[in-house]
Amino acid sequence: MISRFRRMVAGAVIVCLGSTSLVLPAHAGIVSTEALVAGTQQERLAGLLERSDVRAQLLAYGVSPAQAQERVAALSDEEAAQLAAQLDELPAGGDILGVALIVFLVLLFTDIMGYTKVFPFTRSMR
C-alpha cells in the first residue's frame, strides 16, 4: 500500500517538474517612456469620462458620452499628455470665490441668530 502511494506521488512529482521545465517562447519589445506615459494618459482620460458628474456636464454642453469617448480615443499621444497636464493644473475644489461666499453667509447667519459675534455691523436677535 505504501509503495503504491510512493509511486503515485513520485509520478506526480515527475509530471509537475517535467511540465515546469518546458521552455515557452517569449515576445518582448522595447517600449519608450513617452509611449508608456501617453498610454496611461489615454486610459486616465477615458476613466475620467466614466464618472457620472463628468457625463452630466458633457450632456449639459450637448456632447454625448459616446462622442467624447471617440474624441479621446482619436487623440494623439502628445495631445493626450497635454490635456492631462491641463487637468492636473486645474483647481481641485472649483472656484474659491463660491466657497468664501458660503462661509461668509454661514457666519453672517450665525451672527444674526446670536450664536457668534464675528461681524460688528450685525445685531443679534437674542
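Mentor: Start at Val54, which is in contact (heavy atoms within 4.5 Å) with Leu48 and Leu49, leaving aside its neighbours within four places in sequence. This is a predicted model, in which local features need pLDDT of at least 70, side-chain atom pairs count only at pLDDT 80 or more, and totals for chains, interfaces and linings use all residues. Residues are numbered from 1 along each chain as its sequence is written, and side-chain values use heavy atoms, with hydrogens and water left out.

Val54 and Leu49 both belong to the largest nonpolar core, whose 8 residues also include Leu45, Leu58, Val63, Ala68, Val72 and Ala80. At least two residues of this core come from each of helix 3 (52-61) and helix 4 (65-74). Such a core is a set of buried Ala, Val, Leu, Ile, Met, Phe, Trp, Tyr and Cys residues joined through side-chain atoms within 4.5 Å. Buried means under 20% relative accessible area, exposed over 50%, and partly exposed in between, with a 1.4 Å probe and protein chains only. Helices (H or I, at least four residues) and strands (E, at least two) are DSSP runs, numbered from the N terminus; the chain has 6 helices and 0 strands. Of its 126 residues, 13% are buried.

Confidence in the chain is highest in helix 3, at 84, and lowest in helix 2 (residues 33-48), at a mean of 73. The score is pLDDT, the predictor's confidence in each residue, from 0 to 100. Over the chain its mean is 78, with 90% of residues at 70 or more. Where pLDDT is low, the predicted coordinates should not be read in detail.

Charged side chains also pair in this stretch of sequence. A salt bridge here is a side-chain nitrogen of Lys or Arg within 4 Å of a carboxyl oxygen of Asp or Glu, and the count comes to 2. One joins Arg51 to Asp53, with the closest N and O atoms 2.6 Å apart; the other joins the side chains of Glu50 and Arg55 at 3.8 Å, N to O. Side chains of opposite charge can pair when their charged atoms come close. Arg51 is partly exposed, with a relative accessible area of 43%, and Asp53 counts as partly exposed at 44%. Arg55 is partly exposed too, at 28%.
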